[in-house]
Amino acid sequence: MTTRVLLPWSDLSVPDAISASYYDGSGTPPEVDDVEFYVLPYDSGPEPPKLISAMPSLRVVQTLSAGYDNLLPLIRPGVQLANGRGLHDLSVAEHTLALVLAAQRDLPRWFEQQRTGRWSRAHTRSLADARVLLVGHGSIGQAIERYLRAGEAEVVPVARTARPGVHGIEDLPELLPSAEIVILVVPDTPQTRGLLGAAELALLPDDALVVNVGRGTAVDTAALTSEVTRGRLRTALDVLDPEPLPAGHPLWTAPGAIITPHVAGGSASFYPRARRLVEDQLARFAEGRPLLNVVV
């Protein structure tokens, strides 16, 4: 019997037992009544997930994102949800390192000088020997840690649950006062929302750098804005709450802020890795083997 799947790309290697339709998140989707395996288009907005409820034959949803909290309310009993664990590790780690180095080495200052043709030298901060609090120690956090240690930073890993060599999240109040850099790479959950609020930010030393590449909800934006606009803290953000940041928001122009528009995971290395994962998952599904990265 032929299995119907809905895929975001038409250049995939698909097993003979599978009949594929294609939907990249734009335009009108095809008929989905008999779709059993749905690969969500990556980074295509809120419309593709809405199709899940219109698929009565659905057995598997494959998201290419590492985070899946937004999909949980849409997954009915009997449907497996698999995520993109591992696909974004190096992309996010590279972007995180770029944000940290841009902030520590004052790259925005030098870019501005280049635009105006000025030559004015100054010494900067460094990543080497900096004490970095890395909050979130899954596969992405571990990839970030490898880059930080290669830069000879002092890395203090923090995770939801303490384990040898990794602090638990409950240790944050005692760790924050000695952190020169805090990197957040946590999902959006009730436990992580507002993880760095006004009280936690106040524990950080002057001139500390707050980096967020996980979910914007982990940081109280108003409290962070207050600290950054008065010059006490610095920040480098790929995710925000709200997102996108409204026009005219003080963080857009704050001297101590660097903002990128939620692009950390979407580098060139992601797409070949995502295609290989989808092809492997389709082969597993067609052969009745267990799928990878099943989270529900």
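These notebook entries record what I looked up in a predicted model.

**Entry 1. Ground rules**

I note that residues are numbered from 1 along each chain as its sequence is written, and that side-chain values use heavy atoms, with hydrogens and water left out. Because the model is predicted, local features need pLDDT of at least 70 and side-chain atom pairs count only at pLDDT 80 or more, while totals for chains, interfaces and linings use all residues.

I take helices (H or I, at least four residues) and strands (E, at least two) as DSSP runs, numbered from the N terminus. I count two strands as paired if DSSP finds at least two bridges between them.

I began with strand β3, residues 35-39. I found that 5 of its 5 residues are buried, where buried means under 20% relative accessible area, exposed over 50%, and partly exposed in between (1.4 Å probe, protein chains only).

Strand β1 (residues 3-7) pairs with β3 in the parallel sense over 3 bridges. Within this pairing I noted leucine 6, whose bridge partner in β3 is tyrosine 38. Strand β4 (residues 60-62) also pairs with β3 in the parallel sense, over 3 bridges. Here tyrosine 38 stands opposite valine 61.

**Entry 2. Valine 39**

Is valine 39 buried or exposed? I record valine 39 as buried, because its relative accessibility is 0%. Contact means heavy atoms within 4.5 Å. Leaving out residues up to four places away in sequence, I find that valine 39 touches Leu6, Leu7, Pro8, Gln62, Leu64 and Val278. I also looked up the separation of valine 39 from serine 120: the two are 81 residues apart in sequence and 51 Å apart in space, C-alpha to C-alpha.

**Entry 3. The seven-stranded sheet**

In what order do the strands of the open sheet of 7 strands run? I read the order as β8-β7-β6-β9-β10-β11-β12, with parallel pairing. The edge strands are β8 (167-168) and β12, each of which pairs on one side only.

I then looked at one pair within this sheet. Strand β9 (residues 181-184) and strand β10 (residues 209-212) run parallel and are joined by 4 bridges. Isoleucine 181 has leucine 209 as its bridge partner in β10.

Helix α4 (residues 139-150) lies across β6 (131-135), β7 (154-159) and β9. The helix runs at about 170 degrees to β7; for such angles, axes are lines fitted to C-alpha atoms, for helices over the stretch in contact, and the values run from 0 to 180 degrees between N-to-C directions.

**Entry 4. The second largest pocket**

On a 1 Å grid over the protein atoms alone, a cavity is a set of points where a 1.4 Å probe fits but cannot get out, and a pocket is an open set with protein on both sides within 12 Å along at least five of seven lines; lining residues have an atom within 4 Å of a point. Grid points are joined across faces, edges and corners, and a volume is the space filled by probe spheres set on the points.

The second largest pocket has a volume of about 210 Å³. Of the 14 residues that line this pocket, I find Asp106, Arg125, Arg234, Pro255 and Gly256 closest to its centre. The elements that give two or more residues to its lining are α2 (89-104), α3 (107-116), β11 (234-237) and β12 (257-259). I sorted the lining into 7 nonpolar, 2 polar and 5 charged residues, with Ala, Val, Leu, Ile, Met, Phe, Trp, Tyr, Cys and Pro as nonpolar, Asp, Glu, Lys and Arg as charged, and the others, Gly among them, as polar.

**Entry 5. The cavity**

I count 1 cavity of 30 Å³ or more. The largest cavity has a volume of about 50 Å³. Its lining includes Asn212, Gly216, Val219 and Asp241. By class, the lining holds 6 nonpolar, 3 polar and 1 charged residues.

**Entry 6. Backbone details**

Which residues does the cis peptide bond with omega of about 5 degrees at proline 242 join? I read them as aspartate 241 and proline 242. Proline 242 sits in the loop between β11 and α8 (250-253). The peptide bond from glutamate 243 to proline 244 is also cis, with omega near 5 degrees, and proline 244 is placed in the loop between β11 and α8.

Histidine 262, which is not a glycine, has a positive phi of about 55 degrees. I place histidine 262 in the loop between β12 and α9 (270-287), and its relative accessible area of 35% makes it partly exposed.
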